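The report below takes them in turn.

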Amino acid sequence: MISGARLGIMGGTFDPIHYGHLVTAEEALVQFNLDRVVFMPTGQPAMKSDQNVSAVEHRYLMTVLATAANDDFDVSRLEVDRPGVTYTVDTLEALRDVHGPQTDLFFITGADAVWEIVAWKDAERVAALATFIAATRPGYDLTGALRAHEDAATGFRIEHLEVPALAISSTDLRRRVAARRPIRYLTPDPVVTYIEKNGLYREAG
């Protein structure tokens, strides 16, 4: 990446990835003039230690399939290959080492996580490493969360990203597969085929 670049990081479990993730990444790319967006499938997510999460290789491969047609998207194995629990601070530090201090890092996340980030490991360091892009649906009010950050002087730099309303969630896709309901048009066709061939999500949970 060239000096002075702007790198977006789209973190997530992607279990499975769907069009909501892709639309959010594309909107962030355009609205924030990013050079690229790197999808970062979480290895062993710290915030979901009490949940059943599909094997990381399945989630990584589905993310590769979903993003392959977009030259501005990449998929990283950074968290896939890192043993142990995944923490965002470690990922941002690694990206800073690779790309250097001249590259601005933008971490794209859902608006519902805007306040939760203060509880992340080494939150102060996380705040120093990246600007956060909080993605919301039209009409969602972020004012309260942003004011809470300001009042608490957390140091997080948070930008607001409004994306088209897509009522799609990974949880809903898993439930649909378990209930033998269609998921076509909710996630790219190669992901649908991958899920079918590998028998993912057939059990409710």
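At 31% relative accessibility, Asp74 is partly exposed. The model is predicted. Asp74 pairs with Arg36 in a salt bridge, N to O at 2.6 Å. Arg36 sits in strand S2 (residues 36–41) and Asp74 in strand S3 (residues 73–75), so the bridge ties together parts that are 38 residues apart in sequence. Arg36 is partly exposed too, its relative accessible area being 21%. A residue counts as buried only under 20%.

How many salt bridges are there by this rule? The count comes to 6.

| Pair | N to O distance |
|---|---|
| Arg36 and Asp74 | 2.6 Å |
| Arg77 and Asp81 | 2.8 Å |
| Arg176 and Asp172 | 3.2 Å |

**Within a helix.** Arg176 and Asp172 both belong to helix H7 (residues 170–178). They lie 4 residues apart, about one turn of the helix. An α-helix has 3.6 residues a turn, so residues three or four places apart point the same way. Is Arg176 buried or exposed? Arg176 is buried, because its relative accessible area of 17% is under the 20% cut-off.

Within it, Arg77 bridges to Asp81, with the closest N and O atoms 2.8 Å apart. Arg77 is partly exposed at 29% relative accessibility. Asp81 is also partly exposed, with a relative accessible area of 48%.

**Helix H1.** Helix H1 covers residues 19–31, which makes 13 residues. What span does H1 reach from its first C-alpha to its last? The span is 18 Å, close to the 18 Å expected at 1.5 Å a residue. Which residues of H1 are buried? They are Gly20, His21, Leu22, Thr24, Ala25, Ala28 and Leu29. After H1 comes Asn33, with a positive phi near 50 degrees.

How values were computed
Residues are numbered from 1 along each chain as its sequence is written. This is a predicted model: local features need pLDDT of at least 70, side-chain atom pairs count only at pLDDT 80 or more; totals for chains, interfaces and linings use all residues. Side-chain values use heavy atoms; hydrogens and water are left out. A salt bridge is a side-chain nitrogen of Lys or Arg within 4 Å of a carboxyl oxygen of Asp or Glu. Helices (H or I, at least four residues) and strands (E, at least two) are DSSP runs, numbered from the N terminus. Buried means under 20% relative accessible area, exposed over 50%, partly exposed in between (1.4 Å probe, protein chains only). The expected span of a helix is 1.5 Å times one less than its number of residues.
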